[in-house]
Amino acid sequence: MENKKVQIISNLSLLAVAIIWGSGFIASQMALDASLSSEFIMFVRFAIATLVVGIVFYKDLKKNLKKEHIKGGILIGLFLFLAFYVQTIALQYTTPSNNAFITASNVVIVPFLWWIISRKRPNLKVFISSFLCLIGIGILSINFSEGFSLKLGDLLTFLCAFFFAGQIITTGILAQKMDAKVVVFLQFAVATVCGFIMFMMNDRDFSAFTSPKGMAAVVYLGVFSTCLCYFLQTTAQQHVDSAKAAIILATESLFGTIFSVVLGYDKLSVNMVFGGIIILTSIIMTEVKIPIKKGKRTVEAQLLFEKDEEK
């Protein structure tokens, strides 16, 4: 009973993360609209998150942070930085709704990356859901009036989905071996260093700190979309496997689109509706179990090969 309660709380925590992340697409767009560079946004948001975690959990970090954790922290931090960096650049060439939905495709990438790492083949429904997801991305992002030409921003967003998939998998692995606070702090610290290096190489415009609207958006990203969300994610993934966590987190695409339409960054279109429905269907398919009735008895069978999951 206690384990079930922990499972429910963990799932709800991941859903809360998805909602906040959905709003994060808008905050990133607001920061870009205020003429803040991608490098500045990355550097400052992760610096804020690192500072908050370092101050709040200083005693725990001092007690639990060990040298053997550094390698894992560097790996997960690189995945995190690259994912957000590419995603923020992509926002300059596509809409928040497209950015949100295509980012959600990481849910069907996670099983394939895990296949490479664990050498356990995903079952057939994962392959089907992946195919559906690609169709949905195509409908969502291809401008049919101009022929089959993908936007640069959509392609970059698809790349960022791979990095997010890597971050989810490494979080799932490290969360089982390390204290959640240590995992969160290390990935933020690494991402901050990467962000600062990129900022000094490509921007070096410290006047961005004087932009009230831009800084408000970056502070929101640092405190809520980064610090709070990744602490909740890492803690929750101690009780939820990576594949299921990816499915719940992928609902950020739905919330991101809702926020984008409500706030006027996107107009609701037929492509958006149908593409979004197909992507969400592909996401749900990877976890849903279909009830199959046999006479008076109902059995739970996973689509299509339950035996594959038992291996």
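**Close-up views of a predicted helical and aromatic architecture**

**Figure 1. The charged end of Arg 45 lies over the ring of Phe 84, 4.2 Å from its centre.** A charge counts as sitting over a ring if NZ of Lys or CZ of Arg is within 6 Å of the ring centre and within 35 degrees of the ring normal. The charged end of Arg 45 also sits over the ring of Phe 46, at 5.6 Å from the centre of that ring. The model is predicted: local features need pLDDT of at least 70, side-chain atom pairs count only at pLDDT 80 or more, and totals for chains, interfaces and linings use all residues. Residues are numbered from 1 along each chain as its sequence is written, and side-chain values use heavy atoms, with hydrogens and water left out.

**Figure 2. The structure holds 17 aromatic pairs, among them Phe 46 with Phe 84.** Rings of Phe, Tyr and Trp (its six-membered ring) pair if their centres lie within 6.5 Å; planes under 30 degrees apart count as stacked, over 60 as edge-to-face and the rest as tilted. Phe 46 and Phe 84 are edge-to-face, with 5.9 Å centre to centre and 70 degrees between the planes. This pair links distant parts of the chain, since Phe 46 belongs to helix 2 (residues 38-56) and Phe 84 to helix 4 (residues 70-90), 38 residues apart. Helices (H or I, at least four residues) and strands (E, at least two) are DSSP runs, numbered from the N terminus. Phe 46 and Phe 84 are buried, where buried means under 20% relative accessible area, exposed over 50% and partly exposed in between (1.4 Å probe, protein chains only). Together with Trp 21, Phe 164, Phe 188 and Tyr 230, these two residues form one aromatic cluster.

**Figure 3. Phe 81 and Tyr 85 form a stacked aromatic pair.** The ring centres of Phe 81 and Tyr 85 are 5.3 Å apart, with 10 degrees between the planes. Both residues lie in helix 4, separated by 4 residues, about one turn of the helix. Phe 81 and Tyr 85 are both buried.

**Figure 4. Helix 5 (residues 96-103) is mostly covered, with 8 of its 8 residues buried.** The buried residues are Pro 96, Ser 97, Asn 98, Asn 99, Ala 100, Phe 101, Ile 102 and Thr 103. Two of these, Ala 100 and Thr 103, are touched by Glu 252.

**Figure 5. Glu 252, in helix 12 (residues 252-262), is buried, with a relative accessible area of 7%.** Not counting residues up to four places away in sequence, Glu 252 touches Ala 18, Trp 21, Gly 22, Phe 25, Ala 100 and Thr 103; contact means heavy atoms within 4.5 Å. The C-alpha atoms of Glu 252 and Gly 22 are separated by 4.6 Å, although the two residues are 230 apart along the chain.

**Figure 6. Ser 35 and Arg 204 have positive phi values.** Most residues other than glycine have a negative phi. Phi of Ser 35 is near 70 degrees; Ser 35 lies in the loop between helix 1 (2-33) and helix 2 and is exposed, with a relative accessible area of 66%. Phi of Arg 204 is near 60 degrees. Arg 204 occupies the loop between helix 9 (180-202) and helix 10 (212-236) and counts as exposed at 54% relative accessibility.
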